[in-house]
Amino acid sequence: MSEQVSPTGSARDRVFAAAEKISAERNPTVSSVREAAGVSNADATRYLKAWREESAVAGSRIAATPQPLLDQAARLAGSVWADAVALAAEQHAALEARWVKEGQDKDTELAELVADLDRITSEKNAQAAALNTELMAAVTRAEDAEGRVHQAETAAVSARSDAGTLAHDLAAARARADTLQQSHDALIQRITPPTTKTPNKK
């Protein structure tokens, strides 16, 4: 089934347009043109005949064109084609160069990003190692301080025990001293004769 042409325009224009479109695939007929153009059978018959006549005249004009003119047209067409090919090649080369440049720029940017990542990773590892060293040193100092506190507590306990022992020994020594003093006084009293009173002379 033929495609419908635009419904705008005169019946002649629609028939001509339909005939041109159909002729690209096959020989246009009245029925195919009528269906495609949406015109009456009479309009399709009349305007299709007119289209064929104009097409024949145009073909005869082309056939009657002098050979030198045809050669010149062919050379012009070849020159235009060559220029178009050269322009396309130039544009392709420019586009390819731009792609290469963009690829190089992206590679450079990627390399810089990788270098920055490596640098940041290295700095992070170095900082982590330094912090770990400081932490280990702090733990060691804390353990040393804890050990010294424990030693001090032990020494304090020992000192309190020694002080208690010394106080007990001192009290015992004082008791012995008092006992000895009492024994000494008692002994002195035993060996000292009583005092004899002398009578008064008149």
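The secondary structure of the chain comprises 4 helices and 0 strands, where helices (H or I, at least four residues) and strands (E, at least two) are DSSP runs numbered from the N terminus. Along the sequence, these elements follow the pattern α-α-α-α. The model is predicted, and local features therefore require pLDDT of at least 70, side-chain atom pairs count only at pLDDT 80 or more, and totals for chains, interfaces and linings use all residues. Residues are numbered from 1 along each chain as its sequence is written, and side-chain values use heavy atoms, with hydrogens and water left out.

Of the 202 residues in the chain, 10% are buried; buried denotes under 20% relative accessible area, exposed over 50%, and partly exposed in between (1.4 Å probe, protein chains only). The chain exposes about 16400 Å², of which carbon and sulfur atoms supply 60%; accessible areas come from the Shrake-Rupley method with a 1.4 Å probe, and for residues only the protein chains shown count as cover. Among contacts (heavy atoms within 4.5 Å) with a separation of 6 or more, 48% join residues 24 or more positions apart.

Helix α1 (residues 11-23) packs against helix α2 (residues 30-37) at an angle of about 115°, and their axes are 9 Å apart. Axes are lines fitted to C-alpha atoms, for helices over the stretch in contact, and angles run from 0 to 180 degrees between N-to-C directions. The crossing of α1 and α2 is right-handed; a crossing is so described if the near helix is turned clockwise from the far one by less than a right angle, and left-handed if anticlockwise. In α1, residues R14, V15, A18, A19 and I22 meet S32, V33, A36 and A37 of α2. By class, this contact has 7 nonpolar, 1 polar and 1 charged residues; Ala, Val, Leu, Ile, Met, Phe, Trp, Tyr, Cys and Pro count as nonpolar, Asp, Glu, Lys and Arg as charged, and the others, Gly among them, as polar.

Within α2, A36 is buried, with a relative accessible area of 1%. The C-alpha atoms of A36 and I22 are separated by 8.7 Å, the two residues lying 14 residues apart along the chain.

D43 is located in helix α3 (residues 41-63). The side chain of D43 makes a polar contact with the side chain of R46 (3.1 Å); a polar contact is a pair of N or O atoms within 3.5 Å, where within protein one must be able to donate a hydrogen and the other to accept it, and residues adjacent in sequence count only if both atoms are side-chain atoms. Neighbours within four places in sequence aside, D43 is in contact with A11, V15 and L48.
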